[in-house]
Amino acid sequence: MNSFLAVDGKTRCGWCSSEQLYIDYHDHEWGRPVVGDGAIFERISLEGFQAGLNWLMILKRREHLRSRFKGFSIDKVSQMTDQDVASFMSDPMVIRNKRKIESVVANAKLI
């Protein structure tokens with residue numbers, strides 16, 4: 001894997017851009033275990049949103065997605081209704097793909 005020496009003196013993977021969100025993700029999250037049902041559910045949900053898009057786009061929306069999906073609480077998300085899903089479609093900070101939104105709710109219900 002390609003790596004480079006960043007201006008702050010740290011070696012980072014070649015995919016890590018100069019965007020601070022990417023740097024923070026690389027330095028503190030990437031390659032580390034995700035522990036706990038809620039954290040794993042969040043990561044799986046975010047990975048689903050990322051399909052066909054780039055990870056930086058997801059990172060830029062992650063806090064808003066956390067808010068809209070009630071902290072990715074499995075119990076709370078499993079109680080979301082069709083009206084809740086519909087409300088996502090008018091929110092510009094959400095990836096407005098109804099199937100991706102519905103999949104998060106469906107996965108919470110399955111869990």
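Let's start with D8, which counts as partly exposed at 46% relative accessibility; buried means under 20% relative accessible area, exposed over 50%, and partly exposed in between, using a 1.4 Å probe and protein chains only. A quick word on the model: it is predicted, so local features need pLDDT of at least 70 and side-chain atom pairs count only at pLDDT 80 or more, while totals for chains, interfaces and linings use all residues. Residues are numbered from 1 along each chain as its sequence is written, and side-chain values use heavy atoms, leaving out hydrogens and water.

Back to D8. It forms a salt bridge with R12, with the closest N and O atoms 2.7 Å apart; the term means a side-chain nitrogen of Lys or Arg within 4 Å of a carboxyl oxygen of Asp or Glu. R12, at 3% relative accessible area, is buried. A network of salt bridges links D8 and R12 with K10 and D27.

How many salt bridges does the whole structure have? A search finds ten. Another one joins R66 and E42, at 2.7 Å from N to O. R66 is in helix 3 and E42 in helix 2, so this pair ties together parts 24 residues apart in sequence; helices here are DSSP runs of H or I, at least four residues, numbered from the N terminus.

What about disulfides, meaning pairs of cysteine sulfur atoms within 2.5 Å? The structure holds zero. For C13, the nearest cysteine sulfur belongs to C16, 7.5 Å away. C13 is buried at 11%, and C16 is buried at 4%.

Terms used
A disulfide is a pair of cysteine sulfur atoms within 2.5 Å. Helices (H or I, at least four residues) and strands (E, at least two) are DSSP runs, numbered from the N terminus.
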